Amino acid sequence: MTLQQLRYAVEVANRGSMNEAAKKLYVSQPSLSSAIRELEREIGISIFNRTNQGISVSAEGKEFLCYALQIVEQENQLKEHYLGAKPSKQKFGISTQHYTFAINAFVKLLKEMDPGEFDFTFRETTTEEVIKDVQNRRSEIGILYMNHFNARMILKNLEEAGLEFAELFQSKSYIYVTDTHPLARKKEIKFRDLKPYTFLSFGKGEYNSNYFSEEILKILEHRRNIKVSDRSTLFYLLRKLGGFTICTQMVNKELQGEDIVAVPLNVEGAIKVGFVLYKDECPGDIGKRYMEIVREDIGDLL
């Protein structure tokens, strides 16, 4: 076992791809794959699961990579201290469903830290990808929501991935519309009120499962639907088509626009939004501070 092999394994886990890791490490993909295979043979476990869809960290690999990461980081610190090596870039990643509070906290984190060099990732993506990103350590923290319909399935997927859900807040369901929309002045909206209007939502991901939807079950039966992949497209169509989307009660005027309002939806059950984290592992200092900022902001908004 060599330090180079450990660095290779950590980079593959971070990238979630042999090809991307090889590019980052400036080695050929066959050479990288061979080095990882040799390491796995030596330690007697499979660090990664390999399928036609790509690679993921195995259950045994998770524990191994925890130790490997510590060794790699200590090597970097030794080089910096004794050899005057240039400090490595600070790394941090977030994967989240489409929440403006998550973006705001990310901006505040960067302004507060003001790191000289960094390699941060912020991914707004599907429920499925949030779980995969944290499982494969592409992101240190995930953010997603559960309700009474999907909670059992989401928790099952988290358990299988070695992850846990840390609740951040609960919210009623709301509808986003423009302030000129016919529903904007209602005190509360019922499902029948939505029938004439186009429902805009984010795609559910590769498996297209309702359990991984960012919306409540009943709204998925709506007769006029458009699915998009990014926030700006959704709000553009919402304005141009007079449509609506599902949300929590938190409206961010800077990101969503001064003309967007949230109106309560009459539906049973609360939305639970929370962090996705590795079980029995504490986030690093950057991750801890990010979570603190999110909690502070949520406290001000709710």
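## Helices 1 and 2

In this predicted model, helix 1 (residues 3-15) packs against helix 2 (residues 18-25) at an angle of about 125°, and their axes are 8 Å apart. Helices (H or I, at least four residues) and strands (E, at least two) are DSSP runs, numbered from the N terminus. Axes are lines fitted to C-alpha atoms, for helices over the stretch in contact, and angles run from 0 to 180 degrees between N-to-C directions. Helix 1 is therefore oblique to helix 2; angles under 35 degrees count as roughly parallel, over 145 as roughly antiparallel, 65 to 115 as roughly perpendicular and the rest as oblique.

From helix 1, Tyr-8, Glu-11, Val-12 and Arg-15 meet Met-18, Glu-20, Ala-21, Lys-24 and Leu-25 of helix 2. Contact here means heavy atoms within 4.5 Å.

## How the model was read

Residues are numbered from 1 along each chain as its sequence is written. Because the model is predicted, local features need pLDDT of at least 70, side-chain atom pairs count only at pLDDT 80 or more, and totals for chains, interfaces and linings use all residues, while side-chain values use heavy atoms, with hydrogens and water left out.

An open sheet is formed by five strands in the order 4-3-5-12-6, with mixed pairing. Two strands pair if DSSP finds at least two bridges between them. Strand 4 (118-124) and strand 6 are the edge strands, each pairing on one side only. On average, neighbouring strands of this sheet are turned by 20° against each other, direction ignored.

Strand 5 and strand 12 pair in the antiparallel sense over five bridges. Leu-144 has Gly-274 in strand 12 as its bridge partner. Helix 5 lies across strands 3, 4, 5, 6 and 12, and runs at about 170° to strand 4. Helix 7 (residues 151-160) also packs on the sheet, where it touches strand 5, strand 6 and strand 12; its direction makes about 145° with that of strand 6.

## Nonpolar cores

The largest nonpolar core has 24 residues, of which Phe-92, Phe-101 and Tyr-290 touch the most other members. Such a core is a set of buried Ala, Val, Leu, Ile, Met, Phe, Trp, Tyr and Cys residues joined through side-chain atoms within 4.5 Å. Buried means under 20% relative accessible area, exposed over 50%, partly exposed in between (1.4 Å probe, protein chains only).

Among the elements giving two or more residues to this core are strand 3 (90-96), helix 5 (100-113) and helix 11 (285-301). Helix 11 supplies the largest share, six residues. Another core, of 22 residues, lies apart from it and includes Ala-22, Ile-45, Ile-47 and Leu-65.

## Strand 7

Strand 7 (residues 174-178) is largely enclosed by the rest of the structure, because five of its five residues are buried. Tyr-174, Tyr-176 and Thr-178 point one way from strand 7, while Ile-175 and Val-177 point the other way. In a regular strand the side chains alternate between the two faces of the sheet.

Strand 7 has antiparallel pairing with strand 10 (residues 245-247) over three bridges, and Ile-175 stands opposite Ile-246 there. It also pairs in the antiparallel sense with strand 11 (residues 260-264), over five bridges, where Thr-178 stands opposite Ile-260.

## Arg-231

Arg-231 sits in helix 9 (residues 231-241) and counts as buried because its relative accessibility is 11%. Not counting residues up to four places away in sequence, Arg-231 touches His-98, Tyr-99, Thr-100, Ile-103, Glu-124, Phe-202 and Gln-256.
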